Amino acid sequence: MDKQEILKRYFGYDQFRSGQETLIDSILSGRDTLGIMPTGAGKSLCFQIPALMMDGITLVISPLISLMKDQVGALNQAGIHAAFLNSSLTVSQYYKALEYARAGRYPIIYVAPERLLAEEFLDFADQVKISMVAVDEAHCISQWGQDFRPSYLKIVDFIERLRERPVVSAFTATATSQVRDDIVRILGLREPTVMTTGFDRPNLYFGVLSPKDKYGAVKNYVDTHPGDSGIIYCLTRKQVEDVCEKLRADGISATRYHAGLSDGERKNNQDDFIYDRARIMVATNAFGMGIDKSNVRFVLHYSMPKNMESYYQEAGRAGRDGEPAECILLYGGQDVITNQLFIENNQDNQELDPATRAIVMERDRERLRKMTFYCFTNECLRDYILRYFGEYGGNYCGNCSNCLTQFETVDVTEMARAMAGCVESSGQRYGVNVILDTVHGANTAKIRQYRMDGNPYYGRLAKTPTFRLRQVMNELQIRGYLAVTVDEYAVVKLTELGKTLLNGEGSVEMKLAKEAERQPKAEKKGRKKTAAAGLSQADESLFERLRALRMEIAREEKVPPYIVFSDKTLLHMSAVKPADREEMLSVTGVGEFKFSRYGERFLAEIGKWRIDAAKEPVYD
Ligand code: ADP
Ligand code: MG
């Protein structure tokens with residue numbers, strides 16, 4: 001079978017996605033290969049398909065038991081024999097699996113890196129032909145990455161001990177050049193094909209809101225997206241507890257996850273979410289690594305995370321199936337303070353020497369600042385993200401809250417002059433809040449103590465609301481008129497460009513949202529983005545029934561529902577409404593093996609729906 005046939009027959013897809021063919025062809029031609037693609041791009045197929053076409057065994061190295069379980073489960077559902085070897089197996093299960101493997105039952109075996117150098121595994125590796133070692137989540141090998149796993153270093157020793165060197169392929173979603181170089185160097189890839197596809201995830205909608213009542217905004221969102229599964233990220237354990245409790249009290253199916261819970265509870269709650277028994281997961285950043293659940297329709301951030309890397313990684317857990325999904329950040333002024341406290345008290349840094357520690361903290365503060373700017377920018381949010389990661393986006397994506405908000409261009413030169421003037425006349429000694437309070441004319445103890453009430457700019461902008469002052473202040477930093485130092489005291493300084501303002505040169509214009517548009521309410525207006533968006537009312541009723549059937553089958557098979565069929569597949573099925581085998585096989589994600597297992601049941605359900613629908617006319 002060629003790669004196209006495998007794609008169709010086992011995975012049920014008609015076309016390769018961008019980058020997949022290049023990577024597959026490279027591996028098949030015997031070259032080492034490195035694939036850097038964003039989450040949800042479809043990296044697994046890039047090593048799974050060649051694995052089925054090469055004559056020996058492919059070992060896949062993966063850092064987490066949950067990831068292995070998920071992928072092996074998905075392969076078996078697709079009719080491909082695969083197994084995993086990790087510490088979740090009992091000793092007898094482990095030997096049984098090795099015995100089957102020796103007998104040639106599995107073309108693909110997932111192995112935990114810790115196992116590689118164990119004697120019985122090395123023996124096994126000596127007796128069979130290993131045609132490829134595929135390293136998934138390859139950034140784990142780099143100390144620069146967030147998820148460094150020392151056990152990943154064993155992969156290199158393992159490969160060196162093999163009689164015949166297999167093809168080595170590596171995959172990751174982390175693209176910084178440092179990490180990429182580490183992967184190539186440490187894994188010892190030989191003249192690898194390196195393929196990087198863009199970081200953009202067009203199916204994700206990005207939004208920022210600053211609601212007065214955060215919980216109210218969450219509740220509203222959840223209510224207006226019934227049936228959709230999502231994650232709500234919080235900054236602290238306490239916040240997780242609060243939000244989860246409130247949702248439950250409001251009758252919403254929610255569970256929670258944070259490092260303060262027992263291992264047992266964490267595992268149960270995670271399973272409840274993955275198996276769609278709980279609709280919403282409320283969690284700290286401890287949750288997520290190793291979550292391949294493809295039908296996460298939204299990721300809400302209850303608070304702003306510490307940097308863009310974390311944000312994009314967490315938000316990126318939405319919409320892995322490629323269907324529309326939403327990532328919305330709820331910003332509040334307190335978020336900056338909480339994150340600053342985290343940075344000051346970062347326990348991970350305690351063992352560093354003071355100089356290094358200061359550098360790390362400075363870097364963290366800078367990252368936090370960039371994160372804050374994301375919440376304040378009025379430019380395209382996607383563009384902001386892509387530029388942060390070193391790519392060029394367009395200025396307009398049409399799928400973020402800024403692109404969809406109406407802005408007006410406002411001349412803020414006078415405000416900018418007042419702020420720059422205040423900074424200069426007070427000797428460039430104070431932080432953002434003192435400057436803003438001064439120009440706003442606040443009468444606080446601090447202002448009096450610093451004698452800022454005597455500053456020539458005191459009260460100059462008394463009529464402008466504080467949120468607007470803050471927007472302008474941020475804009476001036478983004479554009480380089482003002483700079484804030486990143487050492488212990490964040491002090492606002494005037495840049496060379498800022499000085500030109502004081503000389504009365506130039507003008508500053510910025511885009512500001514028209515007043516009514518900033519309301520969360522307006523955000524929803526005319527935007528229905530549930531999983532079933534785009535379906536007619538009739539199709540939606542079919543979708544709901546197919547979703548229920550999927551749940552029933554998932555229960556019987558003891559696998560997560562998205563492994564039976566993804567949301568994308570069910571949506572397509574609801575639109576196509578296949579009446580026979582052939583039509584069913586034309587649905588994306590329905591391969592022959594899955595058809596033979598569930599095809600008839602889904603056909604029967606569609607048949608029943610047709611009869612019911614005929615009885616009860618539906619007006620679209
Ligand atoms: P990654 O590892 O890159 O984050 P996965 O390999 O988990 O992504 O794939 C994400 C989803 O995309 C899965 O549901 C997978 O079945 C689906 N997918 C992969 N390749 C294709 C394709 N060519 N056409 C349609 N869907 C695909
Ligand atoms: Mg993956």
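**A buried alanine and its surroundings**

Modeller: Let's start with contacts, meaning heavy atoms within 4.5 Å: leaving out residues up to four places away in sequence, Ala 416 touches Leu 476, Leu 501 and Val 508. Ground rules: this is a predicted model, where local features need pLDDT of at least 70 and side-chain atom pairs need 80 or more, while totals for chains, interfaces and linings use all residues. Residues are numbered from 1 along each chain as its sequence is written, chains are lettered from A and ligands numbered from 1 in the order written, and side-chain values use heavy atoms, with hydrogens and water left out.

Biologist: Is Ala 416 buried or exposed?

Modeller: Buried means under 20% relative accessible area, exposed over 50%, and partly exposed in between (1.4 Å probe, protein chains only). Ala 416 sits in helix 16; helices here are DSSP runs of H or I with at least four residues, strands are E runs of at least two, and both are numbered from the N terminus. Because its relative accessibility is 0%, Ala 416 counts as buried.

Biologist: How far apart in space are Leu 386 and Phe 199?

Modeller: Leu 386 belongs to helix 15 (residues 381–388) and is buried, with a relative accessible area of 6%. Neighbours within four places aside, Leu 386 is in contact with Phe 199, Asp 200, Glu 391 and Gly 393. Leu 386 and Phe 199 are 187 residues apart in sequence, and their C-alpha to C-alpha distance is 6.9 Å.

Biologist: Which residues of strand 2 point the other way from Ile 57, Leu 59 and Ile 61?

Modeller: In a regular strand the side chains alternate between the two faces of the sheet. Strand 2 covers residues 57–61, and five of its five residues are buried. With Ile 57, Leu 59 and Ile 61 on one side, the residues pointing the other way are Thr 58 and Val 60.

Biologist: In strand 5, what is the bridge partner of Val 60?

Modeller: Strands pair if DSSP finds at least two bridges between them. Strand 2 runs parallel to strand 4 (residues 108–111), with four bridges, and parallel to strand 5 (residues 130–135), with five bridges. On the strand 4 side, Thr 58 is partnered by Ile 108. On the strand 5 side, the partner of Val 60 is Ala 134.

Biologist: Now the ligand. Which helix gives the largest share of the shell around ligand 1?

Modeller: Counting residues with a heavy atom within 4 Å, 14 surround ligand 1, and Tyr 13, Gln 15, Gly 40, Ser 44 and Arg 320 are the closest. The largest share, three residues, comes from helix 3.

Biologist: How much of ligand 1 does the protein bury?

Modeller: Take the polar contacts (here, pairs of N or O atoms within 3.5 Å): a polar backbone atom of Gly 40 is 2.6 Å from a ligand 1 oxygen, and a polar side-chain atom of Arg 320 is 2.7 Å from an oxygen of ligand 1. Taken alone, ligand 1 exposes 570 Å² (Shrake-Rupley method, 1.4 Å probe). Of that area, the protein buries 85%.

Technical notes. Polar contact = N/O pair within 3.5 Å; in protein donor to acceptor, adjacent residues only side chain to side chain.
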